[in-house]
Amino acid sequence: MILNQAGTRRFRAYTSKHLDELLQRAGLGAEERLRVRAVATVLPFRTNAYVVEELIDWSAAPDDPIYRLVFPQEDMLPAADVARLADLLKAEAPNAEVQAEANKVRMQLNPHPAGQMELNVPRIGREPVPGMQHKYSETVLFFPKQGQTCHAYCTYCFRWAQFVGDADLKFASDDVDQLVAYLGEHPEVTSVLLTGGDPMIMGESVLKRYIEPLLEVEQLESIRIGTKSLAYWPQRFTTDQDADDTLRLFEQVKAAGKNLAFMAHFSHPRELESPLVESAVERILGTGATIRTQAPLIRSINDDPALWSGMWRRQHAMGMIPYYMFIERDTGPQDYFAVPLARAYEVFREAYASVSGLCRTVRGPSMSATPGKVCVDGVTEIAGQKVFVLHLIQARDASLVGRPFFAQYDPRAAWLTDLRPAFADRFPFETQAREALLSA
């Protein structure tokens, strides 16, 4: 790896027009490349020079975990859909025809899970507020318009619908005044999460337009930034032209008496190895910000307890706070990446048991489902019945937070909707969920 050159290299994105060339580098034949390109008409593809040259082990591609993290695989979608799209590409069909077929496939992939469109969109009066979500009383999510892309796209990303060019599927707003007005009407909100996409794709001058108005909102205690930039483009905080200005902006948040929580996504230990990442982390922490780490458990990429315990230990040593292990959401190619809940619990338990108490700030495995963040606490036997033990870390109905409940053990279950209640005819959140849907 030529890290010194990578540290000064300007950002270069690779998109679907570069895909065939990159797939050849992975050793794929013409027909394999055609099928992968067919998948990429449905699921978005974007990566960059840092990921391609510094993170991927091309000698191990296409089985390399970082390669699988950013490159589509032909079996991510049903074979019949892939064959139909591949035939259109082979026949050089008009782009409009290809996109129409791709859209049909997308609509089968649950592009907005967990009630994002139906339950999470806030309102001022009767009017929905674009570019925002308000699921938990104390936290509002805001999707800055210029931050709705990423330095590279993860193949498992549950926000994939943000990147496919369909305005009806996208959350975005550049109206920060409307956000401030909404906060004024909701004094219970103490935290704003800037999300995407990736807000750190924005330059400092744009990012500042969203952050500075929030510093005047007295009720806010924290501003969060959800980002994969530390893993995919750490130069954003070290050698990019506005790196220093960005760090000074972070210092402003601290000076205003608010916590800047940097929600960093690390999916594999290799993303932590570069000295550039270590330098970027040190610089961010030097502004007074905190860095919390999170990622989903992904089959074929990080479904190994040793990887997670190694990541948590390394993150802690670098001054970051291990925060969440998530379950892959029920969207996109979930079946391709999903790890059954029973296995997810074992991966988490084994990793958790092998780290010190200082790393045990991490929570999981957690499903960000319609009622809230559902944590799998364990598998046990009660009154002769094998069950999952679960609780809500966070919930639409705050009265349910922290209360244990039980589900019948199912070794194949990979999501909350695969589970059935144990010792009851319904889960504690089911009545509230139905009432919410009826009133939406």
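In what sense do strands β14 and β15 pair, and over how many bridges? Strand β14 (residues 385-395) and strand β15 pair in the antiparallel sense, over 5 bridges; for two strands to count as paired, DSSP has to find at least two bridges between them. The model here is predicted, so local features need pLDDT of at least 70 and side-chain atom pairs count only at pLDDT 80 or more, while totals for chains, interfaces and linings use all residues. Residues are numbered from 1 along each chain as its sequence is written, and side-chain values use heavy atoms, with hydrogens and water left out.

Taken as a whole, the chain has 16 helices and 15 strands. Helices (H or I, at least four residues) and strands (E, at least two) are DSSP runs, numbered from the N terminus. The C-alpha trace spans about 55 × 55 × 50 Å along its principal axes. A compact globule of 440 residues would have a radius of gyration near 22 Å, and the chain agrees, with 22 Å; the radius is taken over C-alpha atoms, and the globule rule is 2.2 Å times the number of residues to the power 0.38. Buried residues (under 20% relative accessible area, with exposed over 50% and partly exposed in between, using a 1.4 Å probe and protein chains only) make up 56% of the 440. Contact means heavy atoms within 4.5 Å. Of the contacts between residues at least 6 apart in sequence, 72% join residues at least 24 apart.

Now for the sheet. It is an open one of 11 strands, in the order β5-β6-β7-β8-β9-β10-β11-β12-β13-β14-β15, with mixed pairing. Its edge strands, β5 (132-136) and β15, each pair on one side only. From one strand to the next, the twist averages 30°; angles run from 0 to 180 degrees between N-to-C directions, and axes are lines fitted to C-alpha atoms, for helices over the stretch in contact. Strands β7 (residues 191-194) and β8 (residues 222-227) run parallel and are joined by 4 bridges, with S191 opposite S222 in β8. Helix α8 (residues 176-185) packs on the sheet, where it touches β5, β6 (139-142) and β7, and its direction makes about 170° with that of β6.

T293 is buried, with a relative accessible area of 3%. Setting aside neighbours within four places in sequence, its contacts include A264, F266, Q315 and Y323.

The helices pack on each other too. The axes of α3 (residues 30-40) and α6 (residues 79-90) come within 8 Å and cross at roughly 105°. That makes the pair roughly perpendicular, a label for 65 to 115 degrees; under 35 counts as roughly parallel, over 145 as roughly antiparallel and the rest as oblique. Helices α6 and α7 (residues 95-106), with axes 10 Å apart, pack at about 170°, and are therefore roughly antiparallel. Here D81, R84, L85, L88 and L89 of α6 meet E97, V98, E101, A102 and V105 of α7.
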